[in-house]
Amino acid sequence: IEPVPARSSLSEKMNLLPVHLMFLLLCSSAKAGDIIGGTECKPHSRPYMAYLEIVTSQNYLRACGGFLIRRDFVLTAAHCAGRSIKVLLGAHNKTVKEDTWQTLEVEKQFPHPNYDDDLILHDIMLLKLKEKANLTLAVGTLPLPAQFNFIPPGRMCRAVGWGRTNVNESASDTLQEVKMRLLDPQACTHFSLHHNLQLCVGNPRKRQSVYKGDSGGPLLCAGVAQGIASYVHRNAKPPAVFTRISHYRPWINEILREN
């Protein structure tokens, strides 16, 4: 299997993204585009969204999404870990600076202790910020589901992120969102989906999905973050796999309580 190349703004060398079993983790180079088949969000209508600039251990620059869950904590995917991470809050177009922007350094990364990079399981990470974010009209927190809030298939939700608009599409820098339906786990059997830990999301007959650069972004169902964008088939055809947040509430609560 050939790895998927990604451009890096820190090096002219090609940064090879991890690919497992023809499936693509959704992290990206700094030049990220947008969600496939989505629409541009109304500016600052998703005030919890965080844009993550990640310096990898090989000194490449990657980008992921995330979302603010407490003034000093962002939730994202474990495969978005790096040597250092900078968090941008209050952004719509991530290349056009506004007064709403807040740029914060990550003090400590908490990837799930059981994260498996090969099986892509437990793909969830908490980021402790060095300083607390100021809550404004453009920067706010997103509620999480309770531990026993096991959202069933059939629900229509929305994914949000700065990932690519197509496999070979040129980048657009504004925040996008796309409607995606929760599917029965049988629709993701080719992913070896773990139904208790993951969500199978996106109609395979539609060209609407998350893609590179959308990693770590939320799946919103009735205003609650039920999932975290994890991976998708490398041809971008849905469904995609999201980490099921409700399963991890005890672990999340423990980290927040201790920090």
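# Burial and disulfides in a predicted model

User: Why is C64 called buried?

Analyst: The relative accessible area of C64 is 1%. Buried means under 20% relative accessible area, exposed over 50%, and partly exposed in between (1.4 Å probe, protein chains only). C64 falls under the limit for buried and is therefore given that name. The model is predicted, so local features need pLDDT of at least 70 and side-chain atom pairs count only at pLDDT 80 or more, while totals for chains, interfaces and linings use all residues. Residues are numbered from 1 along each chain as its sequence is written, and side-chain values use heavy atoms, with hydrogens and water left out.

User: What makes C64 and C80 a disulfide?

Analyst: A disulfide is a pair of cysteine sulfur atoms within 2.5 Å. The sulfur atoms of C64 and C80 are 2.0 Å apart, so the pair meets the rule. The torsion about this S-S bond is about -85°, and the disulfide is therefore left-handed.

User: Which parts of the chain does that pair link?

Analyst: C64 lies in strand 8 (residues 61-70), and C80 lies in the loop between strand 9 (73-76) and strand 10 (84-89). Helices (H or I, at least four residues) and strands (E, at least two) are DSSP runs, numbered from the N terminus. The two cysteines are 16 residues apart, and the pair links distant parts of the chain. C80 has a relative accessible area of 1%, so it is buried.

User: How many disulfides are there by this rule, and what is the pairing of the bonded cysteines in sequence order?

Analyst: The count comes to 3 disulfides. With the bonded cysteines numbered in sequence order, the pairing is 1-2, 3-6, 4-5.

User: How do you know that the buried residues of helix 1 share a side?

Analyst: In helix 1 (residues 249-258), the buried residues are R249, W251, I252, I255 and L256. They cover an arc of only 165° around the axis, so they are on the same side of helix 1; the arc is that of the directions from the helix axis to the C-beta atoms. The face turned away from this side carries the exposed residues R257 and E258.

User: Why is G140 called buried, and which residues does G140 touch?

Analyst: The relative accessible area of G140 is 13%, so G140 counts as buried. Contact means heavy atoms within 4.5 Å. Not counting residues up to four places away in sequence, G140 touches P47, Y48, L68 and L135. The C-alpha atoms of G140 and Y48 are separated by 4.8 Å, although these residues are 92 residues apart along the chain.
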